[in-house]
Amino acid sequence: MEYKFKEIEQKWQKYWNEKAIYKVKEDFSKPKFYVLDMFPYPSGAGLHVGHPLGYIASDIFSRYKRMKGFNVLHPMGYDAFGLPAEQYAIQTGQHPAITTENNIKRYREQLDKIGLSFDWSREFRTSDPDYYKWTQWAFIQMFNHFYNNNSEKAEPIDQLIAEFDKNGNLLINAACNADTIPFSAIEWNKFDLEQKQSMLLNYRIAYLADTMVNWCEDLKTVLANDEVKDGLSVRGGHPVVQRKMRQWSLRVSAYAKRLLEGMETIDWPESLKEMQKFWIGKSEGAQLFFPVKNADIKIEIFTTRPDTIFGSTFMVLAPESEYVQILTTDEYKADVAKYIDETKSKTERERMADQKTTSGQFIGTYAINPFTEQEIPIWISDYVLAGYGTGAIMAVPAHDSRDYKFAQKYGLQIVQVVEGDISEGSYDAKEGTMINSGLLNGLDVKEAVQKIIGQIESLGLGKRKINYRLRDAIFSRQRYWGEPFPVFFKNNLPYTISEKDLPLKLPEIDIYQPTEDGKPPLGRAQNWQNNDAYPFELSTMPGFAGSSAYYLRYMDPHNEKELVSKESNSYWRSVDLYVGGAEHATGHLIYSRFWNKFLFDTGYVLEEEPFKKLINQGMIQGRSNYVYRINGTNTFVSQSLKDKYQTTEIHVDVNIVHNDILDTEAFKTWMPEYKNAEFILDNGKYTCGYGVEKMSKSKYNVVNPDDIIENYGADTLRLYEMFLGPVELSKPWDTSGIEGVHKFLRKYWRLHFDKENNILISNEEPSKEELKILHQTIKKVEEDILRFSFNTCVSAFMICVNELSTLNCNKTAILDPLSRLLAPFAPHIAEEIRTKMGFEQSVVTENFPEFVAQFIAENEAIYPIAFNGKRRFEMSIDINADIKEIENLVMADERTKKYLEGMSIQKVIIVPKRMVNIVVK
């Protein structure tokens, strides 16, 4: 019987859908397992073969856990808000909802063809009002809470107000804006309602404040750091500058310590943990104040190396620092303004990463080093960030590489204070003996750090401090296609709407661009105000808003009263396996952890960490092909001959290339300009060049999974994507290798049929060899599934089928468990084979085959038989045979008799399971 994969796959996909076989509900009688793929954004291009990699891996694990008796939640939905749909709306006038809906239909068709075990009954889109109601609800909770540093948790804002009524803010230890002024209870109680509301914004977890943002004038919106590269928007390549704007922010920084500590409780890749740890950036050091010469101002700095204070020969401010405008002298104002303008095109992330460029500007003012009492010049430079520490540093060029480069470029003094070689660069090591440092001379660095902090505190110059690099998340976007803020403004101060009025739905507008006077697109909405005529917020929430708690909504997606019920949350609790790309390490994975911790603090969820285990799938890269056009002609020369000509390398569609050989006729019809192309061939063929790079439409190296499924089937695609290599590594796509995987499935299919294509299944008892092959495979595959080593699983299947084919094995006792073993990887063929074998139950709900150790245990040992220590032959003897039985078997062997002719036995030495030596004379 021919392996008709198209019929088989359509048949079983229809069956699974009609039976709702993957639909799941809480069942406290069974252990749960929650598998989740990172929320996909439904782009207009649909899926290419790189996208399903993680989906297939998580699907294999979901199917495996289901067959092991777990109640598996494996949902899917769409992160549907986003800039691409809005940009398309601006260009075409088509509502983003229509674009998004069309894209989702395309995605769903492609996902269904792969045979993924998603529970589609739980599907939602972030753009559904019924969903973003809960995003708005969470925002209101954050607006109505503050972070208590003493209890290290979020607490109701009413408790903060009660404290202000009693003591002002003089005793409270709460996370707040840096410019928050101290006030007493008397002063607080004299504040009017608006003053109190304004002050509370300094403490709310969701707050409105002036902050530096990445502003894109062409897109008329704020962009996140990961939406900007080299001063341009990732989407469209438009210029981006730094600008101070009044924006909503989330006080993520308050959770820095807990975010860091929580890393020790989760099973994530160490490389990703290190990325988050670096981004959170814990530093221990000292807060210190430098007085400004001839001014009643002290500049606060934070340093992790207070021991080097005697080597601080200049100060550097961030270009955005409020001190720049105050302290710049008239002589330098023009130069300072010019430099600030030049730095606006870099994001904070780019400035942190740029280790090569050194630039700065003196502002004409001096500070006083509080220990040397020397005047030191104040500069500005983009290597100092306003958002990290205090936006000011004491520069110690002898012991900091960036300060050293800066001092060398601008001729600033370099004073060494730790012994070490600074002839060719700074000595940055945190070890050595202190020199040129007054009271610290002769101490090692560690001793010096402790002594100088004590001195700083005793002199009232500052104090010991722990600092974090993590910044608050800017939460406003000047776009249309996003969640509306549940906020209205009264006398320019924000208030949240009542929860009973949620969701606040996105209004219809006619044009999706900002208004003529520069307001966000929602400024075009009619009557965008509450019942009291107070205007609603015009910005919308950012892309990460809807994906920050979606894993919780999947637990209880149809609940109209709660984000998630206590019952559902107590059962599913958190995600057991999360699969997605490492590119989300410092975005989504930080924000969702913060969001979850907030909901944990407020008692809405039971687990503090949302994702127990995380697997990062690598990227499937495109294998590009190139043709070589002779310059000034429409003639293309084969790759092996191109060096004889002046040529231009051009990407060519990989779908008209097979094993690097170009289909020249297809090339002529590919694009109009190539209709009359001519070719210089090599041995009658046009050989293309090739390279490995990111899969993208512009490189014509995109391989559509639909084409693979059409030609080879979904099971072949699933197995091949796994066979390419370890899930977590990036690897190139090479369609030529897919034939081997398809041949394996055909060979597996043939195990079950005779030469006339009749089902040929035997109920005979399997041989020891057949059982050994099967159980070696079960052991290998299950161990590798648990290690997420799916590529070696596929290899094990191939070896197993080859060996069973050699034995002409067609026994139910072998092929039944083999079909169940293969089912998580190739579910369609497994279902069909089992039906042909007479099984009625879907393999989805069958048990995973059990490994039985005795079937792979060695029952016999190989004994070398030696005479006077010289090995003559080997014998296979039962491992349980005793010494007397071994001796009798050896003596009865004809080969022994041959070697004993004319000899007398002096001694027989037997080492069980090792060797036999017969001493003769």
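Here is a walk through a few helices, strands and salt bridges of this structure. Keep in mind that the model is predicted.

Let's start with a pair of helices. Helix 21 covers residues 714–723 and helix 24 covers residues 790–806, and the two pack with their axes 7 Å apart. The angle between them is about 120°. Angles over 145 degrees would count as roughly antiparallel and 65 to 115 as roughly perpendicular, so helix 21 and helix 24 are oblique to each other. If you want to find the spot where they touch, look for Leu-719, Met-722 and Phe-723 on the helix 21 side. Across from them, helix 24 brings in Phe-790, Asn-791, Val-794, Ser-795 and Met-798. Sorted by class, this contact has six nonpolar and two polar residues, with no charged ones.

Charged residues turn up elsewhere, though: the structure holds 52 salt bridges. One of them joins the side chains of Glu-782 and Lys-68, with N and O 3.0 Å apart. This pair ties together distant parts of the chain, as the two residues are 714 residues apart. Glu-782 belongs to helix 23 (residues 768–786), while Lys-68 sits in the loop between helix 2 (52–67) and strand 2 (71–73). How exposed are the two partners? Glu-782 has a relative accessible area of 15%, so it counts as buried, whereas Lys-68, at 31%, is partly exposed.

Is Asp-784 buried or exposed? Asp-784 is buried, with a relative accessible area of 0%, while Lys-780 is partly exposed at 33%.

For a salt bridge with another setting, go to Lys-282 and Glu-284, where N and O are 3.9 Å apart. Lys-282 is partly exposed, with a relative accessible area of 43%. Glu-284 reaches 54%, so it counts as exposed. Salt bridges can also join up into a network, and one such network links Arg-258, Arg-593, Lys-597, Asp-601, Glu-608 and Glu-609.

Now for the strands. In general, strands of a sheet pair through backbone hydrogen bonds, either parallel or antiparallel. Here, an open sheet of four strands runs in the order 31-30-33-32, and its pairing is mixed. Strand 31 (870–878) and strand 32 (905–911) are the edge strands, each pairing on one side only. From one strand to the next, the twist averages 20°. Within this sheet, strand 30 (residues 860–867) and strand 31 run antiparallel and are joined by eight bridges.

Our last stop is a hairpin made by strand 18 and strand 19, with two residues between them. Strand 18 spans residues 487–490 and strand 19 spans residues 493–496, and they pair in the antiparallel sense over four bridges. Val-487 stands opposite Thr-496 in strand 19. Which residue in the turn has a positive phi? That is Asn-491, with a phi of about 55°.

Technical notes:
Residues numbered from 1 in each chain as written. Predicted model: local features only at pLDDT ≥ 70, side-chain atom pairs only at ≥ 80, totals over all residues. Heavy atoms only, no water. Axes fitted to C-alpha atoms, helices over the stretch in contact; angles between N-to-C directions. Parallel < 35°, antiparallel > 145°, perpendicular 65-115°, else oblique. Contact = heavy atoms within 4.5 Å. Nonpolar A, V, L, I, M, F, W, Y, C, P; charged D, E, K, R; others polar. Salt bridge = Lys/Arg side-chain N within 4 Å of Asp/Glu carboxyl O. Buried < 20%, exposed > 50% of the residue type's maximum accessible area, 1.4 Å probe, protein only. Pairing = 2+ DSSP bridges.
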